[in-house]
Amino acid sequence: NNGAITNRTPMFNWTASASAGSIEYELLIERASCQSLNSCTTDLINITGIKDANYTLTTLLDVDAVYNWTVRANSTSGYGPYAEKFNFTVSSLLSITLPTSSISFGAVDLGNNDNTTDNSPLPLTIENNGNIPINATIYANQSLWESENLNTSFFQFKAGNSSEANSFNWEISATDWLNVTSYPIIALK
């Protein structure tokens, strides 16, 4: 109660009902406030038929939002009263790591090319450990090559596929090969 979390799909738990017989629970979660109403979408979650005295959400809660939650038991004689309301805040968290922080192509013969799509060498990987999407831009302050400038097909990048759901927005990120330039270009959004 009155806590702040960053997990957008938290587990709720409560004290089991002391009633005899088969008990199910109803979990009610209501958003009380949101810092940015334009980006908030999860106003009310009402889950019934819960068999255990805990439940992990599958719906993403909004960030920078305050939620109230309560639970009530349901037996063969009907629903009991709602328990005392508790509240919590889901705080936004921007956190990234670079599991593969450098790439070495080794020696590449003149006229040949190499890229990271076959994992040899491994691609530069950005891992989003936060709970909000990241915006990443890319640029270079000088070319990799002595005879070729930036903004040519000799030095390109693209955002590749990820097995992690919601890791980035595929439709508005740079998922096709683009030339590396001396000015920032959106790579991930």
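Phe12, Tyr67, Trp69, Phe86 and Phe88 come together as one aromatic cluster. Welcome to a predicted model, in which local features need pLDDT of at least 70, side-chain atom pairs count only at pLDDT 80 or more, and totals for chains, interfaces and linings use all residues. Residues are numbered from 1 along each chain as its sequence is written, and side-chain values use heavy atoms, leaving out hydrogens and water.

**Aromatic rings**
- Across the whole structure, a search finds five aromatic pairs (rings of Phe, Tyr and Trp, the last by its six-membered ring, with centres within 6.5 Å; planes under 30 degrees apart are stacked, over 60 edge-to-face, the rest tilted).
- Phe12 and Trp69 make an edge-to-face pair, because their ring centres are 5.0 Å apart and their planes stand at 65 degrees.
- Phe12 is buried at 5% relative accessible area, and Trp69 is buried too, at 12% (buried is under 20%, exposed over 50%, partly exposed in between, with a 1.4 Å probe and protein chains only).

**Salt bridges**
- There are five salt bridges (a side-chain nitrogen of Lys or Arg within 4 Å of a carboxyl oxygen of Asp or Glu).
- Glu24 and Lys51 meet at 2.4 Å, N to O; Glu24 is partly exposed at 24%, while Lys51 is exposed at 58%.
- Glu30 bridges to Lys85, with the closest N and O atoms 3.4 Å apart; Glu30 is partly exposed at 28%, and Lys85 is partly exposed at 48%.
- Arg31 pairs with Asp43 at 2.5 Å between the closest N and O atoms, and a network of salt bridges links Arg31, Asp43 and Asp62.
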